[in-house]
Amino acid sequence: MSERPESAGPDPDDTFDEFAELVEEETRRDPDLAVIEAGSRTLRTQGGPPQADVPARPEDPEVDNALREVEAELATRWGETKLEPSVARISALMDVLGEPQRSYPSIHITGTNGKTSTARMIEALLGAFELRTGRYTSPHVQSITERISLDGSPISAERFIETYRDVKPYVEMVDASQEYRLSFFEVLTGMAYAAFADAPVDVAVVEVGMGGSWDATNVIDAGVAVVTPIDLDHTDRLGTTPAEIATEKAGIVKRDATVIMAQQPVDAAQVLLKKSVEVNATVAREGLEFGVVARQVAVGGQQVTLRGLGGEYPEVYLPLHGAHQAHNAAVALAAVEAFFGVGAQREGRLDIDTVRKAFAAVASPGRLEVVRRSPTVVLDAAHNPAGARAAAEAIGEAFQFSRLIGVVGASGDKNVRGLLEAFEPVFAEVVVTQNSSHRAMDADELAAIAVEVFGEDRVQVEPRLPDALEAAITLAEEEGEFAGGGVLVTGSVITVGEARLLLGRG
């Protein structure tokens with residue numbers, strides 16, 4: 001018998017034998033669960049483990065110094081929380097750059113929670129179908145270069161620096177002609193659109209920074225507009241009800257576009273549907289035109305069956321935890337189907353094997369991400385009550401912790417009480433801390449709220465994050481090595497990013 005060349009990939013017979021061996025290995029446990037877990041493990045063997053693409057600092061000192069100079073220059077501009085609701089400045093920048101955002105089609109994503117994970121899934125699906133992708137998301141977990149991705153990976157520090165230097169003269173030109181200088185986020189948005197045009201990409205996947213109508217990203221005319229679940233966040237800027245917030249977010253829906261709408265509060269859904277009618281957009285709603293048919297916990301994630309616009313996609317392994325990620329997957333799949341014209345210009349589903357391969361390779365850093373074992377330390381960037389509720393439910397489903405210790409560092413402009421109340425049922429104790437951001441809530445102020453929610457005996461204060469992590473790990477270990485204690489670090493993307501570096505994932 002001739003040997004198979006390495007380039008031919010895994011032998012189907014070997015894969016089947018491996019699957020059978022894994023099932024047999026697990027037969028002392030629940031047989032159905034054994035099949036599901038074995039299936040997910042073989043999928044990950046074929047596709048390779050998902051890589052959390054969070055770049056470290058450049059190793060070359062000259063490149064690192066140059067990146068720090070760019071970061072320092074960007075830091076002199078308005079931060080992401082200081083806004084003047086207008087797209088005038090970014091429109092002026094696009095004009096002098098030659099309208100780079102119009103040189104490729106795009107998928108635009110808004111909503112309150114799940115935007116980045118959904119963007120990553122959309123990017124993975126498009127890439128699996130051999131399209132060159134550009135992805136723009138915010139905020140970053142560790143490195144500013146994460147925000148601009150090409151072909152599924154953050155651009156290199158060298159390319160980030162080069163892009164900044166290319167657009168800098170045009171940025172200064174616009175600064176001189178406007179009442180206010182371009183903000184940090186506006187400059188980064190301009191850099192992303194320019195980098196995508198320069199690549200060039202086949203399609204851009206763009207996440208809004210905040211809202212929609214006047215967000216800096218909203219100078220694109222996306223053929224597919226995605227709205228993830230809307231909840232109360234940034235209420236001082238977007239409105240105090242889901243309907244008011246939806247009014248701002250509906251601004252990304254362009255004439256004749258397709259709107260992929262996740263499950264929404266009734267008043268938010270009404271606003272989105274009304275805007276869609278006004279601009280003759282086609283709407284696909286989760287739970288009606290597409291959705292999650294079934295899901296089952298599997299090793300390292302979950303096995304799902306999704307219903308898309310073109311049919312059913314069974315036995316899809318998703319290496320992310322929680323019902324919310326299954327719903328994000330359904331939204332992402334529908335968005336990619338809409339991009340390819342499924343349900344409109346063409347009938348039938350996308351190639352199921354390609355879809356499975358794409359989802360099996362998805363990673364979302366800082367979203368119920370395990371970064372340490374013994375005890376298990378999980379990171380989740382939940383920063384509002386809705387995100388906290390989803391994370392609390394998911395961690396209870398995916399991990400069998402006998403005792404879970406929370407490490408919480410939050411921003412002062414968030415609904416911190418609501419966030420803590422969502423985690424109260426699952427945290428045995430909570431260690432409150434603060435990250436290095438100027439927006440961070442003071443640890444003592446956070447502790448005062450935590451005591452009201454948890455009671456004094458369940459709250460520990462450690463203002464420095466390294467001390468908070470050490471204290472939480474010590475508390476989790478108190479029950480012994482095999483007792484099942486765990487740590488969840490949460491409350492802010494910045495807290496999670498800094499913890500990730502401290503725990504050696506940088």
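A: Happy to, and let us start with Glu99, which sits in the loop between helix 4 and strand 1 (106-110). Bear in mind that this is a predicted model. Glu99 is not a glycine, yet its phi is positive, at about 55°. Its relative accessible area is 27%; because that value falls between 20% and 50%, Glu99 counts as partly exposed. As background, most residues other than glycine have a negative phi, and most peptide bonds are trans.

Ala199 and Pro200 are joined by a cis peptide bond with omega at about -15°, and Pro200 lies in the loop between helix 7 (184-198) and strand 5 (203-207). Another cis bond links Ser374 to Pro375, with omega at about -5°; here the proline is in the loop between strand 12 (367-372) and strand 13 (376-380).

Arg77 belongs to the loop between helix 3 (61-75) and helix 4 (88-97). With a relative accessible area of 10%, Arg77 is buried. Its side chain makes a polar contact with the side chain of Asp175 at 2.7 Å, and the side chain of Arg77 also reaches the backbone oxygen of Leu182 at 2.8 Å. Setting aside neighbours within four places in sequence, the residues in contact with Arg77 are Val171, Asp175, Arg181, Leu182, Ser183, Phe184 and Val187.

Helix 5 covers residues 115-128, and its 14 residues reach 20 Å from the first C-alpha to the last, close to the 20 Å expected at 1.5 Å a residue. The helix is mostly covered, with 11 of its 14 residues buried. Among the buried ones are Thr116, Ala119, Arg120, Glu123 and Leu126. Thr116 and Ala119 come up again in the surroundings of Thr137: leaving aside neighbours within four places in sequence, Thr137 is in contact with both of them and with Glu146, Arg147 and Glu207. Thr137 itself is found in the loop between strand 2 (133-136) and strand 3 (148-150). Its relative accessibility is 4%, which means Thr137 counts as buried. The side chains of Thr137 and Arg135 make a polar contact at 3.2 Å.

Arg349 is partly exposed, at 37% relative accessibility. A polar atom of its side chain lies 2.7 Å from the backbone oxygen of Glu312. Beyond neighbours within four places in sequence, Arg349 is in contact with Gly310, Gly311, Glu312, Tyr313 and Pro314. Of these, Tyr313 is 36 residues away from Arg349 in sequence, and their C-alpha atoms are 8.0 Å apart.

Helix 14 (residues 416-423) is mostly covered, since six of its eight residues are buried; they are Val416, Gly418, Leu419, Leu420, Ala422 and Phe423. These buried residues pack against helix 13 (385-398), strand 14 (403-408), helix 15 (443-454) and strand 17 (485-490). Then there is a crossing pair: the axes of helix 16 (residues 465-477) and helix 17 (residues 493-502) come within 10 Å and cross at roughly 75°. That angle makes helix 16 roughly perpendicular to helix 17. Where they meet, helix 16 brings Leu465, Pro466 and Leu469, while helix 17 brings Thr495, Glu498, Ala499 and Leu502. By class, the contact has five nonpolar, one polar and one charged residues.

Finally, the wider setting for all of this. The chain has 17 helices and 17 strands, and 54% of its 506 residues count as buried. Among contacts with a separation of 6 or more, 72% come from residues 24 or more positions apart.

Note on methods:
Residues numbered from 1 in each chain as written. Predicted model: local features only at pLDDT ≥ 70, side-chain atom pairs only at ≥ 80, totals over all residues. Heavy atoms only, no water. Helix = DSSP H or I, 4+ residues; strand = E, 2+ residues; numbered from the N terminus. Buried < 20%, exposed > 50% of the residue type's maximum accessible area, 1.4 Å probe, protein only. Polar contact = N/O pair within 3.5 Å; in protein donor to acceptor, adjacent residues only side chain to side chain. Contact = heavy atoms within 4.5 Å. Expected span 1.5 Å × (residues − 1). Axes fitted to C-alpha atoms, helices over the stretch in contact; angles between N-to-C directions. Parallel < 35°, antiparallel > 145°, perpendicular 65-115°, else oblique. Nonpolar A, V, L, I, M, F, W, Y, C, P; charged D, E, K, R; others polar.
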